[in-house]
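Colleague: Can you walk me through this model? I would like to start with the strands and then go on to the helices.

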Amino acid sequence: MIAQNLGISATPVREGLLQLRTQGLVRLEPRRGFVVMPLTGDDVRDVFVGQALLAGELAARAVRHSDAEAVAGLERLHTDLETAAKHGNHDQLEELNFLFHRSVNLLAGSRKLAWLLGVSLCYVPARFHSTIEGWPAATVQDHREVLEAFRHHSSRAARTAMTRHIEHAGELLAVHIDTEAALRASTPANWP
């Protein structure tokens, strides 16, 4: 049915689904076919632990490669991010958050670590974090701590601040996912 809807043969669809199965995103059930695996809060926590380690190392390396101009660029992004958070502009907030982290990762000069981090990002939803309770304020505060490490040219502090920031964001997302799952489970199936 997927192949038919996409107007392609069944072979690439089957190969794609098998790849998603090896990544733990779908499972194969007898007489049902491939079923999407639900994302749980614990799944998110696990992924964010790995992301935190990678992002922390990238931040530490970025400090070593940063100069006054690079730090000023991060500060400009963060100032704009604070403004977006203050005005509740979720789309702009998420875009600026992405650009802040991308800038740090590029400064690190480690393509392989950045690639590994990117691979892990496909396991969590994108572009709705700013609507999660507490995320905008946490992002603003956590980025301030990361920036402080850059200002003091402290790789150790940058690693610690970025690791805490990613773990914090992961916990907020995990709680959100667990809360939503509990609400769905408590809602009667025939509820409109």
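Predicted model: local features only at pLDDT ≥ 70, side-chain atom pairs only at ≥ 80, totals over all residues.

Colleague: In which sense do S1 and S2 pair?

Modeller: Antiparallel, over 4 bridges, with S1 at residues 26–29 and S2 at residues 33–36. Pairing requires at least two bridges found by DSSP. Strands (E, at least two residues) and helices (H or I, at least four) are DSSP runs, numbered from the N terminus.

Colleague: Which residue is the bridge partner of Glu29?

Modeller: Gly33, in S2. S1 and S2 form a hairpin with 3 residues between them, and Arg31 in that turn has a positive phi of about 65°.

Colleague: On to helices. How do H4 and H5 pack?

Modeller: The axes of H4 (residues 68–86) and H5 are 8 Å apart, at an angle of about 165°. Axes are lines fitted to C-alpha atoms, for helices over the stretch in contact, and angles run from 0 to 180 degrees between N-to-C directions. H4 and H5 are therefore roughly antiparallel, the term for angles over 145 degrees.

Colleague: Which residues of H4 and H5 make the contact?

Modeller: Among them are Leu74, Leu77 and Leu81 of H4 and Leu96, Phe100 and Val104 of H5. Contact means heavy atoms within 4.5 Å. By class, the contact of H4 with H5 has 12 nonpolar, 4 polar and 1 charged. Nonpolar covers Ala, Val, Leu, Ile, Met, Phe, Trp, Tyr, Cys and Pro, charged covers Asp, Glu, Lys and Arg, and the others, Gly among them, are polar.

Colleague: And at what angle do H5 and H7 cross?

Modeller: Roughly 25°, and the axes of H5 (residues 90–108) and H7 (residues 135–151) come within 12 Å. H5 and H7 are therefore roughly parallel, which applies to angles under 35 degrees. Their contact includes Phe100 and His101 of H5 and Trp135 and His143 of H7. It has 9 nonpolar, 4 polar and no charged residues.

Colleague: Last topic. How many salt bridges does the structure hold?

Modeller: There are 10, counting a side-chain nitrogen of Lys or Arg within 4 Å of a carboxyl oxygen of Asp or Glu. One joins the side chains of Arg45 and Asp42, at 3.2 Å from N to O.

Colleague: Where do Arg45 and Asp42 sit?

Modeller: In helix H3 (residues 41–65); being 3 residues apart there, Arg45 and Asp42 are separated by about one helical turn.

Note on methods
Residues numbered from 1 in each chain as written. Heavy atoms only, no water. Parallel < 35°, antiparallel > 145°, perpendicular 65-115°, else oblique.
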